[in-house]
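Dear colleague,

Please find the structure below, handed over for your own work.

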Amino acid sequence: MADDHTSQAIGVYGSRLAPLNPTPNIDRLAKNGIRFDRVFCNNSICTPSRASIITGQYPQTNGVLDLTGNIPPDRQLLPIEMKRAGYQTAMVGKWHLKQEPAAFDYYCVLPGQGKYHNPDFRIRGEKPWPKNVIRAEGKHSSDAITDISLEWLENGRDKEKPFFLMHHFKAPHDMFSFAERYSDYLSDVTVPEPDNLFQPPAGSKGSAGLGSGIGKDHAPWRLGWRLGISPDLDETAYTKASYQEYLKRYLRCVKGVDDNVGRILAYLEKTGELDNTLILYTGDQGFFLGEHDLMDKRWIYEEAMRMPLVVSWPDGIKETGTNDWLINNTDFAPTMLEVAGLEKTPEAMQGRSFAAAIRGDEKPTDWREVTYYRYWMHLAHNLAVPGHFGVRSDRYKLIFFYGTDENGSAKDRTPVAWEFYDLEKDPHEMRNEYGNPEYAPVIRTMKEQLTATRKELDETDEGRPAIQAIIDANP
């Protein structure tokens, strides 16, 4: 898994960036396996998404609503169950779940966000967590993380046992600091712009004017300033210059990730294990690369909510191609556990295995019709994203902007609004159809699905009277 690696920046997904060939090794996984096209996180921010992957649970169940959350060892369900299935387990790279990853047999993880260059790593040792620290002096984090994983694969594991390795890059998280060898990569290229680069979110009063992006007039996070773009440029020139610098730095980090994925594939080929190893490559959420004049993630809009997922398993995949099941990040753990031999998903997990999709079997008739999303960190970090939740089906998306923080504070509230998108006709979510009578029956059905899903997953606001009052006043 890479941090903030979005599907637009993976060649096999065929975006405007695909002609730049940013990810030949990841593309190779997909071309010899399966590209999943409808995989979504339930909260587009690092810690909650990682918590859902490690527990198979939604945020209100695992308790991780925002970046302050943590998962203690006794709730690190995925490695616990993997060990029960007979696997040796390892966690290398970005962890970001605060507490010691003690449920793993081996770990070597970045402290918090970690550093791009000369990174420190926390390891198991004589001192109590988190005091046992080593440093990868002179290395970029993507290289260092891969060195550690390869060392464990070669010398640290018991090769008589199957292994489960979570190899998590820091890149391409902001501020997109790449290894020196990529300095000239794309230097003579004009990176293609999205069609809606100059069109910030405006689907409703709940989203209009919010978010932080590329342009000088839409930038409370000040991306252009952080990138060194001259403030003397006019708005159009500033936006274009900021976009080019942003994308080149980001894609240079992506190039480092992809090259290191290639190193892992080369090792598995050398040992003869590649065909018998299930490899899932993903990002912890999506990411905006200038679409809607946005950067970062957090929104329920497609670029942030959608996770890339490519799967390679030569011995287990009957037929290569693409898959369009509606999947979310709570499903990752149940899927890996089924492949590892567990006959039943642990009761504590709310996700559902999609191992049948990997095998090429038919989608079950009772597969989910909608997937749920919620962003809690109202207006946090100068990114100006309001509190909201919603559901996405195969074709449609319904969003409710309730516009306040977790406590329902009166301060800094943003307008309450509904949005609805027909993703078949409007894949870039440029037209809010909530007021269109043509869609009234679909919207009514999706509101019922939203209410039922929130209740089923225990994702309601019954204990938050201020937010519940907003919900009740805007049916």
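**Cavities and pockets**

Of the elements around the largest cavity, α2 gives the largest share of the lining, three residues; helices (H or I, at least four residues) and strands (E, at least two) are DSSP runs, numbered from the N terminus. The model is a predicted one, in which local features need pLDDT of at least 70 and side-chain atom pairs count only at pLDDT 80 or more, while totals for chains, interfaces and linings use all residues. Residues are numbered from 1 along each chain as its sequence is written, and side-chain values use heavy atoms, with hydrogens and water left out.

On a 1 Å grid over the protein atoms alone, a cavity is a set of points where a 1.4 Å probe fits but cannot get out, whereas a pocket is an open set with protein on both sides within 12 Å along at least five of seven lines; lining residues have an atom within 4 Å of a point. Grid points are joined across faces, edges and corners, and a volume is the space filled by probe spheres set on the points.

The largest cavity holds about 50 Å³ of space. Its lining consists of M1, R50, I53, I54, K94, W95, L97, M166 and H168. Two or more of the lining residues come from each of α2 (46-55) and β7 (163-168). Six of the lining residues are nonpolar, one is polar and two are charged (Ala, Val, Leu, Ile, Met, Phe, Trp, Tyr, Cys and Pro count as nonpolar, Asp, Glu, Lys and Arg as charged, and the others, Gly among them, as polar).

For the second largest cavity the volume is about 30 Å³. Among the residues that line it are G211, S212, D296, K297, R298 and W299. Here the classes are five nonpolar, two polar and three charged.

Closest to its centre, out of 27 lining residues, are E302, E303, R306, P427 and H428. By class, this lining has 14 charged, seven polar and six nonpolar residues.

With kind regards
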